[in-house]
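Here is a briefing on one structure. Look over the sequence and the model before reading on.

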Amino acid sequence: MLKDITIGQYFPGDSVVHKLDARFKLLITAIFIVMLFSADTFPGLGIALVFFVISFIASRLSPKLMIKSMKPIIPVIIITSILNIFFIEGVPLISIYKFRLTDNGLRTSGFMIVRLIALICGSSLLTYTTSPIVLTDAIEQILRPLTKIKFPAHELAMMMTIALRFIPTLLEETDKIMSAQKARGAELDSGPFLQRAKALIPILIPLFVSSFRRAEELALAMECRCYNGGEGRTKLKTLVSGGKDYLALSISILFLCAVMVIDMGRLGVA
Amino acid sequence: MIRTEKLTYTYSQGTPFEKTAVDNVDLHIEEGAFVGIIGHTGSGKSTLIQHLNGLIKPTSGKVYIDGEDIHGKNVKLRDIRFKVGLVFQYPEYQIFEETVSKDIAFGPKNMGLSEEEINTRVREAAAMVGVGEELLDRSPFELSGGQKRRVAIAGVMAMRPKVLILDEPTAGLDPKGREVILDQIKEYHQRSHTTVLLVSHSMEDVARFAEKILVMNKGKVFCYDTPPNVFTRADEIASIGLSVPQVTKVFGLLRSKGIDIRQDVYTVDFAMKTIKEYLEQKGR
Ligand SMILES: Nc1ncnc2c1ncn2[C@@H]1O[C@H](COP(=O)(O)OP(=O)(O)O)[C@@H](O)[C@H]1O
Ligand SMILES: [Mg+2]
């Protein structure tokens, strides 16, 4: 169950997308998100989707994986789209009691569903094809100019690295503790709310205890290796960019332009 | 008592991380037996035992406890878990209560027993693992690692399961602590006449007590037999990366030096007896 959470998980591979420089991948993902939000018409959104599909095929990941990553956000999508369908003013198509299904509502929520799904898929593609360590490295480098105004870029990246590193460990640990308490007859998924909340105590306390223990051990281990912040720290693996990275970036900018032109065109006519 | 039929379990099925941890395991464990389960790290021991109390649902195959399919329609998994007590590896990490006695009482409380009965069982289980009365009202977080481990084991023993399974109960303990826990488990077995499954990756631990040994290799059952029969296959066992007890090794070397001595020796006591017999025979 907990193991099935795939958000933020990395699936190693050797496709073009895997091999792109992480800094460029981050930029390209940002451009994709801009595409999604600047698209105001279905053709514009279509172009953004074409861009995603091309990148997805190039990554050679299995479509099953993408569908799995959607699972946790299905409820959010359903709720927001229902709200949108019924509460946006427009020409009513069907009306039930006080609720009216309007053409505008249908269009807006349809648009929003596609946008949300594309957003999740796009960012999943980034995390599926980039190792978290490399990704935070890229974030640190992109944010580095901000250190001039005392922005803690290195500390932020280190915190993210550590947090990312421990997500799977903590999930695994939670799973283990849950199993161990279930073996002692703990009932975790039945009973009234208060009882279920109480049933969390045997899980949360050991989890906190072990998190603190891990944090202490890690801090000690880092100090033993003379860690003292980002100053003068070199990297084992430096990020290198090449022709293919600039090519990929150019292509995504091209797509962004296409989206803008189409939507601006519509605006111009209107 | 415990029976598995073509038991197979695959982790992360359908992802690139797919891994078959238990592969087509047919097993039959008799009531009251003391079984040692050994195998290399990653051979699927922990995965296998979590099937026996229904924590993991098999990818395919069946598990029967007392002839009852535990994933059958009318079976409550919770009842199975009281019947088959499982002590996880590093069980001290599951401790959460304010006092030692409360933590040991967690299992019995979940069984819905009376206050009085719970008290009796907590005391009995604590005594079984050598946790003194004076510790019962202390916070479990103040105890030493070995003491915590024993409190956690008592927490499962207090449910008085018909089968007690322990996953590497001696992992990470000093030699003295290992000895103590193993002796207590042995005594528990003798006193309660319950079935005990002891998982370990050390032959030495298992060889001393187990009536039968289950050797796992890469998710499959390599062999399931009495210790003498298992250790006569010392060479094969070495070839799957497990070491036989040191005395067995010594006897293997003696044989390879041309001394005609029996091979199925796996405890020091028995080794002494064998050597004595051999010398007497030779002296004659
Ligand atoms: N939660 C898990 N998710 C994925 N793979 C696992 C998990 N637990 C164990 N495995 C894999 O299953 C195999 C058997 O593991 P395990 O049953 O823990 O072996 P053992 O207890 O004999 O060391 C190992 O290869 C391990 O990597
Ligand atoms: Mg194990």
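Chain A and chain B bury about 2000 Å² between them, and 64% of that area is on carbon and sulfur atoms. The model is predicted.

**Interface between the chains**
- The size of an interface is often given as the accessible area lost when the parts come together.
- Chain A brings 21 residues to the contact, and chain B brings 23 residues.
- A:A183, A:R184 and A:G185 supply 33% of the area that chain A buries against chain B.

**Helix α10 of chain A**
- Helix α10 of chain A covers residues 201-224, which makes 24 residues.
- At 1.5 Å a residue, the helix should span 34 Å.
- Which residues of α10(A) are buried? They are A:P202, A:I203, A:P206, A:L207 and A:S210.
- An α-helix has 3.6 residues a turn, so residues three or four places apart point the same way.
- The cover over the buried residues of α10(A) includes α8 (153-183) and α9 (193-198) of chain A. It also includes α3 (100-110) of chain B.
- A:C226 follows α10(A) and has a positive phi, near 65°.

**Second largest pocket**
- The second largest pocket holds about 1000 Å³ of space.
- Its lining counts 38 residues, and the closest to the pocket centre are A:I133, A:V134, A:D137, A:T161 and A:K235.
- Five elements of chain A give two or more residues each to this lining: α1 (16-19), α2 (22-38), α7 (132-143), α8 and α10.
- Which of them gives the most to the lining? It is α8(A), with seven residues.
- By type, the lining of the second largest pocket divides into 17 nonpolar, 10 polar and 11 charged residues.

- A:T136 lies in helix α7 of chain A.
- Is A:T136 buried or exposed? Its relative accessibility is 2%, so A:T136 counts as buried, the cut-off being under 20%.
- Leaving out residues up to four places away in sequence, A:T136 touches A:A157, A:M160, A:T161 and A:L164.
- A:L106 sits in helix α6 of chain A, residues 103-129.
- A:L106 has a relative accessible area of 41%, so it is partly exposed.
- With residues up to four places away in sequence left out, A:L106 touches A:I85, A:L93 and A:L101.
- A:L106 and A:S81 are 25 residues apart in sequence. In space they are 8.6 Å apart, C-alpha to C-alpha.

**Positive phi in chain B**
- B:N24 is not a glycine, yet its phi is positive, about 55°. B:N24 has its place in strand β2 of chain B, residues 19-29.
- The relative accessible area of B:N24 is 43%, so B:N24 is partly exposed.
- B:K218 is not a glycine either, and it has a positive phi of about 50°. B:K218 is in the loop between β9 (212-217) and β10 (220-225) of chain B.
- The relative accessible area of B:K218 is 70%, so B:K218 is exposed.

Technical notes. Residues numbered from 1 in each chain as written. Chains lettered and ligands numbered in written order. Predicted model: local features only at pLDDT ≥ 70, side-chain atom pairs only at ≥ 80, totals over all residues. Heavy atoms only, no water. Helix = DSSP H or I, 4+ residues; strand = E, 2+ residues; numbered from the N terminus. Expected span 1.5 Å × (residues − 1). Buried < 20%, exposed > 50% of the residue type's maximum accessible area, 1.4 Å probe, protein only. Contact = heavy atoms within 4.5 Å. 1 Å grid on protein atoms, 1.4 Å probe; cavity = no way out; pocket = protein on both sides within 12 Å on 5 of 7 lines; lining within 4 Å. Points joined across faces, edges and corners; volume = space filled by probe spheres on them. Nonpolar A, V, L, I, M, F, W, Y, C, P; charged D, E, K, R; others polar. Buried area = accessible area lost by both parts, 1.4 Å probe.
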